[in-house]
Amino acid sequence: MRTIHAVAGLAVVLAVAGCQRTSMTDFGGNSMQPAPLQAQPVPTVQSNQLSAPTGDTSQFPAAPVSGTAAVGGVQTPGTGTEVAAATNALDVTKESMVGNWRVSNAGASCDMFLTLTNLGSGSRGGTRGCAGELTTMGSWEVAGKQVVLKDRNGNPLARLFKTADSRFDGSTNGGQPVSLSR
């Protein structure tokens with residue numbers, strides 16, 4: 001029994017002896033300090049008014065159409081049905097959207113898969129077996145209480161609102177009704 005205690009004690013002594021504190025010193029014990037940084041000159045800041053944009057304005061997005069409202073930078077349709085859906089919509093989170101959805105679009109049905117993988121300003125998503133506008137779906141995002149489906153270039157394709165626990169209703173930009181359900 002004493003041999004075990006002696007071996008254990010020797011192991012502890014060796015382990016402690018192997019530990020040393022680390023610091024910024026060279027091997028001779030001289031302290032090493034990094035060289036101080038030189039101050040850099042700072043130019044003066046000027047303030048002027050910008051001139052009004054002139055010439056080709058095609059690089060700018062179109063102005064909002066009357067009867068629409070911006071929600072999270074995305075335009076919401078202004079039809080009475082859409083406004084009612086937006087007003088009565090339930091809260092939605094990105095995490096609750098992840099997974100497989102059954103899509104009903106213009107009388108046909110297909111599958112949609114939504115992930116949290118970043119893609120541009122939204123998250124990656126896609127469809128299988130869909131027809132029409134939804135075949136080009138590549139991403140999606142939640143903006144307020146609406147879910148915006150986007151094409152592969154990041155342009156909105158459809159807007160949906162949560163109407164029940166596992167159901168979203170809305171329409172494509174072309175006016176076709178769209179429903180998601182699980």
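Buried, in this talk, means under 20% relative accessible area, with exposed over 50% and partly exposed in between, using a 1.4 Å probe and protein chains only. By that cut-off phenylalanine 168 is buried, at a relative accessible area of 2%.

A word on the source. This is a predicted model, in which local features need pLDDT of at least 70 and side-chain atom pairs count only at pLDDT 80 or more, while totals for chains, interfaces and linings use all residues. Residues are numbered from 1 along each chain as its sequence is written, and side-chain values use heavy atoms, with hydrogens and water left out.

Now the rings. Searching the whole structure gives one aromatic pair. It consists of tryptophan 101 and phenylalanine 168: the ring centres are 5.4 Å apart and the planes lie at 85°, so the pair is edge-to-face. The rule takes rings of Phe, Tyr and Trp (its six-membered ring) with centres within 6.5 Å; planes under 30 degrees apart are stacked, over 60 edge-to-face, and the rest tilted. Tryptophan 101 is in strand β3, residues 99-105, and phenylalanine 168 is in strand β9, residues 167-172, so the pair links distant parts of the chain, 67 residues apart. Strands here are DSSP runs of E, at least two residues, numbered from the N terminus. Tryptophan 101 is also buried, with a relative accessible area of 2%.

The charged end of lysine 94 sits over the ring of tryptophan 140, 5.6 Å from its centre. The criterion is NZ of Lys or CZ of Arg within 6 Å of the ring centre and within 35 degrees of the ring normal.

Next, the cysteines. How many disulfides does the structure hold? It holds one, formed by cysteine 110 and cysteine 130 with their sulfur atoms 1.7 Å apart; the cut-off is a pair of cysteine sulfur atoms within 2.5 Å. The torsion about the S-S bond is about 75°, so this disulfide is right-handed. Cysteine 110 belongs to strand β4 (residues 108-119) and cysteine 130 to the loop between β5 (122-128) and β6 (137-143), so the bond ties together parts 20 residues apart in sequence. Both cysteines are buried.

Strands pair if DSSP finds at least two bridges between them. β4 and β5 pair antiparallel over six bridges, and aspartate 111 has arginine 128 in β5 as its bridge partner. Their hairpin has two residues between the strands, and in it glycine 120 takes a positive phi near 65°. β5 and β6 also run antiparallel, joined by two bridges; arginine 124 has serine 139 in β6 as its bridge partner.

Key: Helices (H or I, at least four residues) and strands (E, at least two) are DSSP runs, numbered from the N terminus.
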